[in-house]
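Look at the sequence and structure, then try each question before you read its answer.

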Amino acid sequence: MTTVENARGNPFLEGNLAPVTEEVTAFDLEVTGTLPPELDGRYLRNGPNPLGYVNAEKYHWFTGHGMVHGIRLRDGKAEWYRNRWVRNNDVAELLGEAHPPSDWPADHGQFAANTNVIGHAGKTFAIVEAGSPPIEMSYELDTVRVSNLEGTLPHAYSAHPKRDPLTGELHVMTYYWGWGNQVQYLVVGTDGRVRRHVDIPTTGGPMIHDIAFTQKYILVFDLPTIFNLEAAMSGAGLPYLWDHEYDARIGLLPREGNADDVKWFSIDPCYFFHPMNAYDDGESVVLVAARHQKMFDRERRGPSEGPPTLDRWRINTVTGKVKQERIDDRPQEFPRINESLIGLPNKYGYTAGVGKHFAQDTLIKVDLESRRTEARTDTARYGYGEPVFIPRDGATAEDDGWVMALRLDSETQTSDLALFDATAITADPVAVVHLPARVPNGFHGNWIPGAQ
Ligand SMILES: [Fe+2]
């Protein structure tokens, strides 16, 4: 199904970044250890898995067709594993299927929905940034439709909507090259409909991968990886490149404010895909993110511009001063937290260690107050993907719960879903669900509780 030409030479198609070629359905998976019976739901994870002919010379990791992997847990058992390509027109054609139903006109772009998969308002969506709409999937990961959120989505969505734990609403920063120098902020209500959008002018067309917010502000990351017309005209896989001249800045939009209310703060040039969290501290805003020195400058096939570190910025909203400090210089990415603290002060974060070309490495827990980290030491055998924190029912301590991550067993070349006590991530896993297939390194996943 997948033909790769010249795969060697493109690191984003090698090792555990090589695509799998089959959709698999398996029931009653083998479990080592004990799955907590209260875990009733699905762990879903999306990632690029190109289908059909792939020209390795031009292939950019961010553009591979989306494939969602899912594991259903209930009553202490792992009921099923499924992996499914996310059908857009291109994937459907390559699989010899009819186009998926779409809420959009035929000329609306719908490239690979390959970056994240979320549950919201009782629905499951595979999602991506840069102008492509969300693709609704069924509970069992069949593609349902290319969605416009019941007619409420103006145009573009994002791979990183963030849920406000206090309201249940999603905050979403979107961008699209066709808008020129602006981005668009959305609020999606608990009913799954967009209730508000704000167009925010920027100085170029920045790639804004994610969002952060505090109780007072929405953070706008106007960083120097910018839409490049020349690259687009010459057929680049992803026409966003590092601009050495661009002013790197963070905008603070008051929660219910408009574009005119945004205050901008310049920072030292860098790029981050992923904030870990942000919160207010008096007149300051604190932000923690996985910082890259730059992005898509020398290496234009995927992120690889030096090791990402975990950094903290403190923006004084009155004096305009910004302080930056390193929390941990171990190369790491995919930061996650106890999501009941998004936008609020938090102490712990969980990340995946990464090597060159985002090779998945270890599982890390960070204490943001002491700046101490703990990391697993079994990386000679296992490569860990993005960790997801699941709170225990009735938990009061921030790290009372589990950390869940897909990992590759390099000895068997199969993957498993490992569950750790979040207070003891270096100890043996609480449970391991053995999967019948390799899961390539991908992007983002979530634990989506519930039977629908
Ligand atoms: Fe991301």
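Q: What percentage of the 452 residues of the protein chain count as buried?
A: This is a predicted model: local features need pLDDT of at least 70, side-chain atom pairs count only at pLDDT 80 or more, and totals for chains, interfaces and linings use all residues. Residues are numbered from 1 along each chain as its sequence is written. A residue is buried if 20 or more other C-beta atoms lie within 10 Å of its own, exposed if 12 or fewer, and partly exposed in between, with C-beta atoms placed from the backbone. Of the 452 residues, the buried share is 49%.

Q: Which radius of gyration does the protein chain have?
A: The radius is taken over C-alpha atoms, and the globule rule is 2.2 Å times the number of residues to the power 0.38. For 452 residues, a compact globule would be near 22 Å. The chain agrees with that, at 21 Å.

Q: How many strands does the protein chain have?
A: Helices (H or I, at least four residues) and strands (E, at least two) are DSSP runs, numbered from the N terminus. The chain has two helices. Its strands number 35.

Q: Which strands stand at the edges of the open sheet of four strands?
A: Two strands pair if DSSP finds at least two bridges between them. The order is E26-E27-E28-E29, with antiparallel pairing. Each edge strand has a single partner, so one side of it is left without a neighbour in the sheet. The edges are E26 (332-336) and E29 (372-375).

Q: Which residue takes a positive phi in the hairpin of E10 and E11?
A: Three bridges join E10 (residues 135-137) to E11 (residues 143-146), and the two run antiparallel. The hairpin has five residues between the strands. The positive phi is near 75 degrees, and it belongs to Leu141.
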